[in-house]
Amino acid sequence: MKILMVCLGNICRSPLAHGILEHLVRQKGLNWEIDSAGTGGWHVGQQPDSRSIAIAKKYGLDISGQSCRKFDTSDFERFDQILVMDYNNLNDVKALARNEEEHNKISLFLKDSIVPDPYHDDDQFDPIYQIIEKRCKELIEEFASTI
Ligand code: 4NP
């Protein structure tokens, strides 16, 4: 299973989802590929936001080695699932899909709700960490039974 996590900046939400799922996958001994990207390119090459690094560290995870990159249409070929954090991400990634197969790979990370953008609210990092971790655990169960 190859899963790409996508948000707007690829510095706050998707790096957390990337790091948490990668950690769980490794713990379970699954040979999955996990990555993340942003629909916007403002932070390309940068580390995750210091608040995401700090909240991950609080829960025992080091995501400081990640490097921000922009979503690219080649990601449709590289990944089985493209999981996006909100409806803006959904619209932006869907706009780049070139066929039905690519469209079918894209879905909301939380299925029918969004992970809100925490960029302008420091207090959101802990709650979104909890939401993302819970969903990552579910994803392992969901996809592990399909492969
Ligand atoms: P993210 O948060 O999409 O969760 O990484 C944001 C990070 C940066 C910006 C917006 C959202 N920005 O506008 O630079």
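1. Lys70 is partly exposed, with a relative accessible area of 45%; buried here means under 20%, exposed over 50%, and partly exposed in between, taken with a 1.4 Å probe and the protein chains only. Lys70 sits in the loop between H2 and H3, where helices (H or I, at least four residues) and strands (E, at least two) are DSSP runs numbered from the N terminus. Its C-alpha atom is 7.6 Å from that of Asn10, although the two residues are 60 apart along the chain.

2. A word on the basis of these notes: this is a predicted model, in which local features need pLDDT of at least 70 and side-chain atom pairs count only at pLDDT 80 or more, while totals for chains, interfaces and linings use all residues. Residues are numbered from 1 along each chain as its sequence is written, and side-chain values use heavy atoms, with hydrogens and water left out.

3. Which residues are around the ligand? They are Cys7, Leu8, Gly9, Asn10, Ile11, Cys12, Arg13, Trp42, His43, Asp117, Pro118 and Tyr119; to count, a residue needs a heavy atom within 4 Å of the molecule. This shell divides into seven nonpolar, three polar and two charged residues. In that scheme Ala, Val, Leu, Ile, Met, Phe, Trp, Tyr, Cys and Pro are nonpolar, Asp, Glu, Lys and Arg are charged, and the others, Gly among them, are polar.

4. A backbone N or O atom of Gly9 lies 2.8 Å from an oxygen atom of the ligand. For Asn10, a backbone N or O atom is 3.3 Å from a ligand oxygen, and for Ile11 a polar backbone atom is 3.0 Å from one. Taken alone the ligand exposes 350 Å², and the protein buries 89% of that; these accessible areas come from the Shrake-Rupley method with a 1.4 Å probe, and for residues only the protein chains shown count as cover.

5. Next, His18. This residue is in helix H1 (residues 13–28) and counts as buried, at 8% relative accessibility. What does the side chain of His18 contact? It makes a polar contact of 2.9 Å with the side chain of Ser36 and another of 3.3 Å with the side chain of Gln66. A polar contact is a pair of N or O atoms within 3.5 Å; within protein, one must be able to donate a hydrogen and the other to accept it, and residues adjacent in sequence count only if both atoms are side-chain atoms.

6. Now to charge pairs. Side chains of opposite charge can pair when their charged atoms come close. The whole structure holds 17 salt bridges, each being a side-chain nitrogen of Lys or Arg within 4 Å of a carboxyl oxygen of Asp or Glu. One of them joins Arg78 to Asp35, at 3.4 Å from N to O. This pair links distant parts of the chain, 43 residues apart: Arg78 is in helix H3 (residues 75–78) and Asp35 in strand E2 (residues 33–38). Arg78 is partly exposed at 37%, whereas Asp35 is buried at 15%. Both belong to a network of salt bridges that also takes in Glu33, Arg69 and Asp75.

7. Arg98 has two partners worth a look. Glu77 forms a salt bridge with Arg98, the closest N and O atoms being 2.9 Å apart. That pair too links distant parts of the chain, 21 residues apart, with Glu77 in helix H3 and Arg98 in the loop between helix H4 (87–96) and helix H5 (100–104). Glu102 also meets Arg98 in a salt bridge, at 2.8 Å from N to O. Buried or exposed, how do the two glutamates fall? Glu77 counts as exposed at 59%, and Glu102 as buried at 7%; Arg98 itself is partly exposed at 48%.

8. Finally, the rings. The search finds two aromatic pairs. Tyr59 and Tyr129 are stacked, 4.7 Å centre to centre with 20° between the planes. They lie 70 residues apart, Tyr59 in the loop between helix H2 (50–58) and H3, Tyr129 in helix H6 (residues 125–144). Tyr59 is partly exposed at 36%, while Tyr129 is buried at 2%. Phe71 and Phe76 form an edge-to-face pair, at 5.2 Å and 75°; Phe71 is buried at 7% and Phe76 at 1%. For reference, rings of Phe, Tyr and Trp (its six-membered ring) pair if their centres lie within 6.5 Å, and planes under 30 degrees apart count as stacked, over 60 as edge-to-face and the rest as tilted.
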